[in-house]
Amino acid sequence: MPEHPIEGLMKTAMESIKEMVNVNVVVGDPVETADGTVIIPVSRVACGFGAGGGELELEAQGRQAHDGEQLPFFGGGSGAGVSVQPVGFLVVGQGQVRLLPVDGNAVIDRLIDLAPQLVSQIQSMFKREHNRNQVPMSPPPPPPGATIPPM
């Protein structure tokens, strides 16, 4: 049985989508900076596909198959679309991994990233202040000529 024309349309469109969309589109190639930090782009990919067609049978004008059977006229089409939107960048360096988003909420994300450092700095400030205000635990020395009572 010969291949239906819509199958060829669908096959061509799907092969084109397969060529356009691969894992390197979602997670891009890493880029290394001079200080050793690695930056990896991350994207969101969406794709859609549609195909359709119709047949028209006109007995007088139809095409003939190999065995003399009347073949209908076919009209059809297919289409596809791909959308690639940047999401952010993975930054790997200095012993940590961070996601720097592209959208407008970068200030909030930056504050969340800095929260552990801020807590550490506040704790160290309190420890220094506590050590400064701490009174020595040993008793003062006795005045000259005084005797120390036994305990």
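Visitor: Patches are made of residues with over 30% relative accessible area and no salt bridge, joining like charges within 9 Å or nonpolar side chains (Val, Leu, Ile, Met, Phe, Trp, Tyr) within 5 Å. Which residues form a nonpolar patch on the surface here?

Guide: Met10, Met14 and Phe49. Together they have about 260 Å² of accessible area. Such areas come from the Shrake-Rupley method with a 1.4 Å probe, and for residues only the protein chains shown count as cover. The salt bridge in your definition is a side-chain nitrogen of Lys or Arg within 4 Å of a carboxyl oxygen of Asp or Glu.

Visitor: What kind of model is this?

Guide: This is a predicted model: local features need pLDDT of at least 70, side-chain atom pairs count only at pLDDT 80 or more, and totals for chains, interfaces and linings use all residues. Residues are numbered from 1 along each chain as its sequence is written, and side-chain values use heavy atoms, leaving out hydrogens and water.

Visitor: Buried or exposed, or in between?

Guide: Met10 counts as partly exposed because its relative accessibility is 37%. The cut-offs: buried is under 20% relative accessible area, exposed is over 50%, and partly exposed lies in between (1.4 Å probe, protein chains only).

Visitor: What does Met10 touch?

Guide: Phe49 and Ala51, not counting residues up to four places away in sequence. A contact means heavy atoms within 4.5 Å. Met10 and Gly79 are 69 residues apart in sequence, yet 8.7 Å apart in space, C-alpha to C-alpha.

Visitor: And Phe49, where is that found?

Guide: In strand 2. Phe49 is partly exposed because its relative accessibility is 33%.

Visitor: What does helix 1 pack on?

Guide: The open sheet has 4 strands in the order 1-2-5-6, with antiparallel pairing. Its edge strands are strand 1 (31-32) and strand 6 (96-101), each pairing on one side only. Helix 1 (residues 5-20) packs on this sheet and touches strand 2 and strand 5. The direction of helix 1 makes about 175° with that of strand 2. Axes are lines fitted to C-alpha atoms, for helices over the stretch in contact, and angles run from 0 to 180 degrees between N-to-C directions.

Visitor: Over how many bridges do strand 2 and strand 5 pair?

Guide: 19, in the antiparallel sense. Two strands count as paired if DSSP finds at least two bridges between them. Glu55 has Phe74 as its bridge partner, Leu56 has Phe73, and Gly50 stands opposite Gly79.

Visitor: What about strand 1 and strand 2?

Guide: They pair in the antiparallel sense over 2 bridges. Val31 has Ile39 in strand 2 as its bridge partner. The two strands form a hairpin with 5 residues between them. In that turn, Gly36 has a positive phi of about 95°.

Visitor: How many residues separate the strands in the hairpin of strand 5 and strand 6?

Guide: 2 residues. Gln94 there takes a positive phi near 55°. Strand 5 and strand 6 pair in the antiparallel sense over 6 bridges. Gly93 stands opposite Gln96 in strand 6.

Visitor: New topic. Why does Ser43 count as buried?

Guide: Ser43 counts as buried because its relative accessibility is 16%. Ser43 sits in strand 2. Leaving aside neighbours within four places in sequence, the contacts of Ser43 are Val25, Val26, Val84, Gln85, Pro86 and Val87.

Visitor: And what is Arg44 in contact with?

Guide: Ser83, Val84, Gln85 and Val87, again setting aside neighbours within four places in sequence. Arg44 is in strand 2 too. Arg44 and Pro86 are 42 residues apart in sequence and 6.2 Å apart in space, C-alpha to C-alpha.

Visitor: Zoom out. How many helices and strands does the protein chain have?

Guide: 3 helices and 6 strands. From the N terminus on, they run α-α-β-β-β-β-β-β-α. Of the 151 residues, 9% count as buried. The chain exposes about 12300 Å², with carbon and sulfur atoms supplying 61% of it. Among contacts between residues at least 6 apart in sequence, 50% join residues at least 24 apart.
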